Amino acid sequence: MGRHKMTKGICNICGIKTNLSYEHVPPKAAFNKNTKYVSIKFEDYIQSRNLMKEIPKGKTKQGGIGYNSFCEKCNNFFGANYVNAYVKWVNAGVQLLADSEFASCYFEIKNIEPLSILKQIISMFLAINDNSFSNDFKELSEFVINKESKILPEKFQIYTYLTRAERLRYMKYSAIGDLNTRQTVLCSEMAYPPFGYVLTIDSKINKKYLRNITEFKNYDFNENKDFIMSLAQLPTYTIYSLDYRSKDKLNNDIEKANNLMDNIDKFRKENS
Ligand SMILES: [Zn+2]
């Protein structure tokens, strides 16, 4: 189509400085061919007073969501080795999606290739994150560029859930504070229907409804497997990692926060 330009840069996989091609995340064949989406600057997003009502303006883009993060060679390698397996997994997921915010589902998925699916998911995390991320965690690019490799150190854990992705989520690697456990989780997260994925690094996560699929690394390349799984369907109304608040809960929280801010303003004015 020629809509997506090449850019110059360093490939997040092989580290070579060259032309970077446009990598669809998720792959084009996983319902991301003609996606129309609004690209909002992160700064505008966090400044919005009520994200549910005043959605910040952004640029509308077409032709599928993606990133110029990989060279053509690495991009083609993923296309040739993992995308078919990934698309099959996505097609199964689409059939499981319920028309509600919270649901759980118990199902059997037949004949999938766990290792290729996991490698595709990790390649997507490498696409949405910066060079510094792939530099700091070289084990990730080594795992995906070698199709037979089962070497993914324990500090990396991958979780999944079903989602309609009310708001798409492409959150780069960052530290998220969990107010309940008072722990910090280092993670990156992606949500695009029908699946959401969380990649945690050196962090314990205290969310039972996220299904850990790191074990997918233990299968051979091209090995097919039937799985009986249960997955939760979670809403993603914000762009932030690990935020699965319902629409009502989010509206409530926003109202509370705004009231608090208004009271602080009032107090300041009265006392100035
Ligand atoms: Zn490359």
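Where is the place of Phe-31?

**Figure 1. Overview of the predicted model.** The protein contains seven helices and 12 strands. Its radius of gyration is 20 Å, close to the 19 Å that the globule rule gives for 272 residues, so the protein is as compact as a globular protein of that length. The C-alpha trace spans about 70 × 45 × 35 Å along the principal axes. Of the 272 residues, 48% are buried. Taking contacts between residues at least 6 apart in sequence, 75% join residues at least 24 apart. The accessible surface comes to about 14700 Å², and carbon and sulfur atoms hold 49% of that area.

**Figure 2. Phe-31 in the loop between β2 and β3.** The answer to the opening question is that Phe-31 is placed in the loop between strands β2 and β3. Its phi is near 65°, a positive value in a residue other than glycine.

**Figure 3. The cis peptide bond between Val-25 and Pro-26.** Omega of this bond is about -5°. Pro-26 lies in the loop between β2 and β3, which is also the place of Phe-31.

**Figure 4. His-24 and the residues it touches.** His-24 belongs to strand β2, which covers residues 17-24. The relative accessibility of His-24 is 12%, so this residue counts as buried; the cut-off for buried is under 20%. Leaving aside residues up to four places away in sequence, His-24 touches His-4, Asn-32, Gly-63, Gly-64, Ile-65 and Gly-66.

**Figure 5. The cis peptide bond between Pro-193 and Pro-194.** Here both partners are prolines, and omega is about 10°. Pro-194 sits in the loop between β9 (183-192) and β10 (195-201).

**Figure 6. Asp-202 in the loop between β10 and β11.** Asp-202 is not a glycine, yet its phi is positive, at about 55°. Is Asp-202 buried or exposed? At 60% relative accessibility, Asp-202 counts as exposed, because the class begins over 50%.

**Figure 7. Asn-222 and Ser-116.** Asn-222 is found in the loop between β11 (211-212) and β12 (225-233). Asn-222 and Ser-116 are 106 residues apart along the chain, and their C-alpha atoms are separated by 7.4 Å. The relative accessible area of Asn-222 is 49%, so Asn-222 is partly exposed.

**Figure 8. Cys-11 and Cys-105 as buried residues.** Cys-11 has a relative accessibility of 2% and counts as buried. Cys-105 also counts as buried, at 17%. How many disulfides does the model hold? The count comes to zero, where a disulfide would be a pair of cysteine sulfur atoms within 2.5 Å.

How values were computed
Residues numbered from 1 in each chain as written. Predicted model: local features only at pLDDT ≥ 70, side-chain atom pairs only at ≥ 80, totals over all residues. Heavy atoms only, no water. Helix = DSSP H or I, 4+ residues; strand = E, 2+ residues; numbered from the N terminus. Rg over C-alpha atoms; globule rule 2.2 N^0.38 Å. Buried < 20%, exposed > 50% of the residue type's maximum accessible area, 1.4 Å probe, protein only. Contact = heavy atoms within 4.5 Å. Areas by Shrake-Rupley, 256 points an atom, 1.4 Å probe, with all protein chains shown as cover.
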